[in-house]
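Please look through the sequence and the three-dimensional structure shown here. The report that follows describes the chains, their elements and the places where they meet.

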Amino acid sequence: MQSASATAFRWWVAFGALFIFMRPAAAVPSFARQTGMACEACHTVFPELTHFGRLFKANGYILDNVKQVQDVSAKKEQLLELAGIPPLSIMLEISYTQLKHPLPDLANVDVPGEAQNGTVGFPQQFSLFYAGKIAPHVGAFIQATYDNAGGTFSIDNTDLRFADMLVLPDDHSLIYGVSLNNNPTVQDLWNSTPAFGFPYTTSNALVSPLAATQIDGSLAQDVAGLTAYVFWNESLYAEVGGYRSAKQGAANSLTGAAGPLDGTTSNVISGVSPYWRLAYEHNWGSHSIEAGLYGLDVKLLPGGSPSAPYPLVGPYNRFKDIAEDIQYQYIADEHLVTVTGTRIHESMNLAGSFASGAVANPSNNLTTTRMWVTYYYRRRIGATAGFFQTTGSSDPTLYPAAASGAAGVITSANGLPTTRGWIAEADYLPWLNTKLSLQYTGYTRFNGGSSNYDGVGRSASANNTLFLLLWFAY
Amino acid sequence: MCYVLRVCIVVLLGLWFADSRADEPDPAAHAYARRLAVGVCGPCHGPHGSSVQPKFPHLAAQNANYLIAQLKNFRGQTRGDPDAISYMWGMAGPLTDETIDALAAYYSSQKAVSSRVADATELARGREIYANGVPSDGVPACAACHGPDGHGLGDFPRLAGQHSQYVLKQLSSFKSNMRNVAVMHGVAQTLRVTQMRAVAAYVESLE
C-alpha cells in the first residue's frame, strides 16, 4: 500500500510538472465575431490581452454586437437573448519537435537504443470552443481539446462567468462577477499568472522536469472553483474563492458511477482550497503596468489508484502557494513591448505522503520564477526571450534517482528539484489568426543537475528542445 | 484658393444646420448612454470621454453633431480609417439612433480635458498653420472650420486638447483617403508630415 501510494504521488508530481510546459492557451475568433471588433482590440498578439481584453473578460465575455433572437414576457421581462451566430471557434496546432539528444528507447531493455528524434504533431492539439455570451450577464469560455498523446478529446480550460457593472456616482466603474472554472488562474485577467502565461504553447513531445507548484497548472482540469471578484475603476482587482476536486475519468470503485471519489483516486482535495488574488493596474499614454499577488492553499489526500487503492483518510499534504506577478505593456500601432514576470513560493507540509513513505521530508518547499520580454512589430513579426527557474529543498524520495538499470531522464541523481533555463521564440503572423513560431528551450539545470542529472549520464542540455509550430484559430 | 472656397461653403452650411442638433434624450436613454459610456466605451475612451491611450480620441466636450455623424459613419461602415474598421465598425453596429443621440449628448456635456505642453518651436509653427493655413500650398486655416480656439464650429469637430498622435493619424488617413472626407483630403494632401506634427501638437495644447 505504501509503495503504491508513494508511486502514485511521484507520478502525480511528474504529471503536474508536465502542465508547466504543456500549457494550452487560446484566443478565439468567436469573440471577434461576437463583438465585431478585430483581434487587436483584445490582444496585442494572441493570446496576450490588452487593457480592453481584460475588461472584456472581467465583464463576462458578453459584449455582443450581433443580432439577437429575443423573448420577453408580458411584463417586458427579458426571457431570452441568443446571438444570431453562435460563438464557436476551432484551433489547430501542428508541430515539429527535436530534442538535442534523443531519448532512450525502452521497447527492449536488453537492446539499448534511441527513440526516434524529431516528432511531428499532426495535430499536436485540436480544440473546439464555445466562447462568448450565453445570456445577459452570463458568458463562457469552454474549450474541448484533442490531444495526440492521449488520442482523446477531453475538457480543457473552462471559465463560466456571471458579471455586471455598477456606474458609481463619480462615473467610475465597479465590475463584479463570479467565475466557475476548472484551473486556478484561468480566470485571471493578466498574462503574468500561470494559466495564460508564456510559453503560450510548447511541444507535448518534450521532457518535463519533476517539480511544479500546485497553482502552476498541477490542478488544471481536475478541479472546479467558484470565485467572486470585483474590478474597481479598471485598476484595482480583488478575487476570492475556493476549489474542490472534479476529477476527469475517475469512477467510484463500488458503483462505477462518476462519484463520489474514493481511494482509487490520487490527490483528492480535502474540503475546499481557498484561492485569492489582488492586483493593481495603472495605464498612462500607451503604457500599462500591473503588479499583484495571488495564492492558493491546497490540502490533498494522497489516495491511491484503481490497482492499488489507498483510503482517503488520515493525514493530508498541504501546499501553500503565494505568488507575486508583474506585467508591463507598451502598445502602439508599430511597436509592442511586453515585460512580464511571476514568482511562486510554495511551502509543503507533506504529512500524508511522509506517513506512507512517498517523501523523505515531512516538509519541503519550491520556488518557481519566470520572466519574459516580448516585442512585436506591427503585430506581424515578433520575438520573445524568457527565463525560468525552479528551486527547492532536496528530497531524494520525492525527486528520486533512477533505479538500477533503469533509463533515467525523468529522475534526479541528487534529489533536488532545480531546473533552470531559457526560452527564445520567433513568431510570424501572416494573418492575425495564424501564427508560425520557432521556439528553442535551453536547460542549464534539469532535475537538480547540469551533467549526469539523472544518474544515468544524461546532461540537462540534452533536453534542449527545438519546436516549430503552426498555430491557427478560426 | 479653391479649397479655401469649398471650406468656406462647408462652414456656412455647417453653421446653417448647427441648430439642428439632436433633441435631448429622455432620462432612461441618458442613463443607458452613461452606462455604455462608462462600461463599454470607457476602457478605450475613459469614463468621461477623456482617454488615457493616445490611440483613442478624447470624446469629452466634443460637438454632439460631429459625434452623431461619426457614430453613424461607423455603424454604416463608411468611415474607413484602420482603427475605425478594427474597433468602431463592430462597436457601433448595433447602436440605435436614439442611443447615438444619447451618447453624443453625454460626451458633449463632459468637461474638456486639460491641454498638454509641447515644444515651443513646434507649437509656434503649428499655431501659424492653424491660424493662417499654408497659402502657398493652398492649405486653408484650420481655424476657419474648427474655430480660433479649436472648439469646433457647427458640425466641425472640437480639436482642442485632442491627442496629437490621434490628430496626426487622422490627417494621414485624410491624406490617403482611407478616411474619405473630401474637404479634409483637400486640406491634408499638400501638408507635409512635419506640418501635420506641428499642427497636431498645437491643437493638443489648446484648452
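## Chain B and its elements

From the N terminus on, the elements of chain B run α-α-α-α-α-α-α-α-α-α, and there are 10 helices and zero strands in this chain; helices (H or I, at least four residues) and strands (E, at least two) are DSSP runs, numbered from the N terminus. This is a predicted model, in which local features need pLDDT of at least 70 and side-chain atom pairs count only at pLDDT 80 or more, while totals for chains, interfaces and linings use all residues. Residues are numbered from 1 along each chain as its sequence is written, and chains are lettered from A and ligands numbered from 1 in the order in which they are written.

Of the 207 residues in chain B, 46% are buried, where buried means that 20 or more other C-beta atoms lie within 10 Å of the residue's own (exposed means 12 or fewer, partly exposed in between, with C-beta atoms placed from the backbone). Two residues are in contact if their C-beta atoms, placed from the backbone, lie within 7 Å; among contacts in chain B between residues at least 6 apart in sequence, 73% join residues at least 24 apart.

Chain B is divided into domain 1 (2-14 + 115-205) and domain 2 (24-108), with bounds that come from an automatic or database domain assignment. The centres of these two domains of chain B, taken over C-alpha atoms, are separated by 22 Å, and 15 residues of domain 1 of chain B are in contact with 14 residues of domain 2 of chain B. By class, the side of domain 1 of chain B that touches domain 2 of chain B has four nonpolar, eight polar and three charged residues; Ala, Val, Leu, Ile, Met, Phe, Trp, Tyr, Cys and Pro count as nonpolar, Asp, Glu, Lys and Arg as charged, and the others, Gly among them, as polar.

An α-helix has 3.6 residues a turn, so residues three or four places apart point the same way. Helix 3 of chain B is followed by B:Gln77, whose phi is positive, near 55°.

Helix 4 of chain B is mostly covered, since eight of its 11 residues are buried, among them B:Tyr87, B:Met88 and B:Trp89. What covers the buried residues of helix 4 of chain B includes helix 2 (29-35) and helix 3 of chain A together with helix 3 of chain B.

## Cores and the meeting of the chains

A nonpolar core is a set of buried Ala, Val, Leu, Ile, Met, Phe, Trp, Tyr and Cys residues joined through C-beta atoms within 7 Å. The largest has 64 residues, and those with the most contacts inside it are B:Leu67, B:Leu103, B:Ala104 and B:Tyr107; helix 5 of chain B gives the most to this core, with seven residues. Leaving aside its neighbours within four places in sequence, B:Leu103 is in contact with B:Ala33, B:Leu36, B:Ala37, B:Leu67 and B:Leu71.

Between the chains, 21 residues of chain A are in contact with 21 residues of chain B. Helix 4 of chain A gives the most to the side of chain A that touches chain B, with three residues, and by class this side has nine nonpolar, nine polar and three charged residues.

| Strands of chain A | Bridges |
|---|---|
| Strand 14 (residues 335-349) and strand 15 (residues 363-377) | 15 bridges |
| Strand 15 and strand 16 (residues 381-392) | 12 bridges |
| Strand 16 and strand 17 (residues 419-431) | 10 bridges |
| Strand 17 and strand 18 (residues 434-445) | 10 bridges |

A:Gly341 has A:Met371 in strand 15 of chain A as its bridge partner, and A:Tyr375 stands opposite A:Ala383 in strand 16 of chain A. In the hairpin of strand 15 and strand 16 of chain A, which has three residues between the strands, A:Arg378 takes a positive phi near 50°, whereas the hairpin of strand 17 and strand 18 of chain A has two residues between them.

Key:
Two strands pair if DSSP finds at least two bridges between them.
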